[in-house]
Protein chains: 2
Amino acid sequence: MFGISDGSLRFRLVKNSTPAPHAPLPAARDKLLFTPGPLTTSLSVKEAMLHDAGSWDVEFNTVVAGVREQLLKLAGLSREEGWETVLLQGSGTFGVEAVFQTCVPPQGKVAVLANGAYGERIVQMLKHARIEHVVVRSAEDTPHEPAALDALLTQDRTVTHVAVVHCETTTGILNPLEPLGRIARKHGKLFIVDAMSSFGALPIAFESCCIDFLISSANKCVEGVPGFSFVLCRRKALMACESFARSLSLDLCGQLKAFEKNGQFRFTPPTHAILAFAQALQELELEGGIPARERRYRRNHQTLLEGMSALGFRPYLRPADQSCIITAFHTPSDPKYSFEAFYRELSARGFIIYPGKLTQVDTFRIGNIGRLFPADLEQLVAAIGTVMKEMGCAVPVK
Amino acid sequence: MFGISDGSLRFRLVKNSTPAPHAPLPAARDKLLFTPGPLTTSLSVKEAMLHDAGSWDVEFNTVVAGVREQLLKLAGLSREEGWETVLLQGSGTFGVEAVFQTCVPPQGKVAVLANGAYGERIVQMLKHARIEHVVVRSAEDTPHEPAALDALLTQDRTVTHVAVVHCETTTGILNPLEPLGRIARKHGKLFIVDAMSSFGALPIAFESCCIDFLISSANKCVEGVPGFSFVLCRRKALMACESFARSLSLDLCGQLKAFEKNGQFRFTPPTHAILAFAQALQELELEGGIPARERRYRRNHQTLLEGMSALGFRPYLRPADQSCIITAFHTPSDPKYSFEAFYRELSARGFIIYPGKLTQVDTFRIGNIGRLFPADLEQLVAAIGTVMKEMGCAVPVK
């Protein structure tokens, strides 16, 4: 047997209904997640999932309609100006892939700007779908250079779409949407933005960034739970793609047509995750919208940087390129340091951090998005100091 | 504003934080879902979602490993005998499509047995993926005839896979897996079973039914919440398909390799839905496994049939072809009957039923799976009688 132990509502491994001798006792509260997501969410967001809703029922589909409305509003967009939002079951990756599977015509070609794992993931999607593509790579610590895109599009006229990741959570780097989008538009290309970990945390000017398709996910900076992604797009650009979809599940045109026909998902929606997201959107509004959320995340980030800097940790990125979403830190060179022990000891104290994902440099990552406040970052930093000392590492670290 | 009203945890539309004048007051409890899913689940299953888990964390991935183990055990399968289970984000349809997108080689051809909307959905998937296929249709009230499949496979040697829906929830009809699977095996074809609404409710003998791939979903008869599907398959058959996947998200080989490498999903898992599913599996075991669950569903179904029959309603299917999952009833011919009013009045009394999905005949459907008991079906039937009379229809109905 496994799952939740009697009455305690924890998700530890339980053998034969009683904890195995080596299993720790369940803690009084959940560990805090300093990750790129899934994130720590408010209790009220999770409590919204204590209901079973019928996917065909008008009451549930009123919530779905409200979520779609609210997402447009949050993005500063409107139907009158031709914008739409499509929810899609699955993780954020499913939403990103759905845009390519649905919107690139058989003879299309995508220019992918890549400076991290999520840009490379787009390349993998295009390979799987046998969609022609060209990749413009920049170093993992360097934002994309608009001139490089301009040169590519001047030289290669067969490109039809340009794709970029806004905040590459591999490093936390922010790529410059506006100059890149303007160049794509100048050359008549459609501009696709993976804004997975930035939407909700940073203002995004869709019109001046010339965005045609933007993808994000329920469990990122809106602070919902995982279960679906959403695509904000120009309706005309999407509906021009009706015959292209290479997958039924990932067909965004079909999905939008169903929402427009009867307000319903085509296939079983993650009803509980949607109820949680409706609550999360309400809490984002109560907090003061994106500007207030950005302020909180910036305070979190500042608290983290100051604390980590006092402990001698060095961020991987130059400050100008660093987002307030997630930060990669260089692994200490101290021979007594091991990420495994570091992670385990922080976890035992109730803090979950994230491993690095860089190809060349050893790092670990700390996210500061989700239902976290500066005091949580202070406690994390204090625990990091304690754990480093317990591991026998010199502090400040080297 | 929309979403949950203050403190009441209901998912009704709320305007400006106070209910609109026409909005009903939130009820004390959720409506019961007499549908094919999402279903009514136990409170403890939903309470398992009151936790945020890190997708990279060992504690969470221990739960994932436990879920995969338990699913194999529930199916009566073992790794030693070459079986595997793969969880995939998204609804059940995503899991079914993933099997075709991953497992049919470029020159492959699928024979689809279709007698309802879910068989036809498989045809749509194959069209989207540009996979060659042939469809053997039988009438919506008639189970597939093994001899017809035998004739097709004898005549068309280019077919590589046979696909069938076990319980077609369009009607509730049960298709005969064992003779169909034996014929597929005799001709050397792989046998793919969509067991969305039957797995967990009915025993399925994988070996004697010659099943290679079987797909079901978290929110069906295991009584979890929606968010992911799962595929039970012969590992060898799956891993022989490594280069075929036409989609990254739907690539089941990649998904299995990640589980085998580090126990993790490749892309953000629906952590809350998985915690709920672990709890649901535990509750299925506590109930007495599939035999006990089948008995409860059969009692529910019997209660429904007897009650509806006393009210004069006629089931669409012959008794021998009818599953204990969901039942389609003929729409009453009484001119005073309208489905819309019928649905609305039952909903107002706390009962959510389901519309028909047949192409030729007017029906409505009542499911009896999920956390429902005979007493719930009795109450539903009583409410149906009351609503019919209030609509001015003759009872027993004509």
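Trainee: Which residues are buried in H2(A)?
Mentor: In this predicted model, the buried residues of H2(A) are A:Glu59, A:Phe60, A:Asn61, A:Val63, A:Val64, A:Gly66, A:Val67, A:Arg68, A:Gln70, A:Leu71 and A:Leu72.

Trainee: What do the buried residues of H2(A) pack against?
Mentor: Their partners in chain A are strand S2 (83–89), strand S10 (228–234), helix H8 (252–262) and helix H9 (271–287).

Trainee: How many residues does helix H2 of chain A have, and what follows H2(A)?
Mentor: Helix H2 of chain A covers residues 58–74, which is 17 residues. From first C-alpha to last it reaches 24 Å, close to the 24 Å expected at 1.5 Å a residue. A:Gly76, with a positive phi near 75 degrees, follows H2(A).

Trainee: Changing topic, how many residues are in the largest nonpolar core?
Mentor: That core has 180 residues, and A:Phe100, A:Phe199, B:Phe100 and B:Phe199 have the most contacts inside it.

Trainee: What does B:Phe199 touch?
Mentor: Leaving aside residues up to four places away in sequence, B:Phe199 touches residues including B:Leu71, B:Leu74, B:Ile204, B:Phe206, B:Cys221 and B:Phe230. B:Ser216 is also one of its contacts.

Trainee: Why do the copies meet through the same surface?
Mentor: Because 100% of the interface residues of chain B are also interface residues in chain A.

How values were computed
Residues numbered from 1 in each chain as written. Chains lettered and ligands numbered in written order. Predicted model: local features only at pLDDT ≥ 70, side-chain atom pairs only at ≥ 80, totals over all residues. Heavy atoms only, no water. Core = buried A, V, L, I, M, F, W, Y, C linked by side-chain atoms within 4.5 Å. Buried < 20%, exposed > 50% of the residue type's maximum accessible area, 1.4 Å probe, protein only. Contact = heavy atoms within 4.5 Å. Helix = DSSP H or I, 4+ residues; strand = E, 2+ residues; numbered from the N terminus. Expected span 1.5 Å × (residues − 1).
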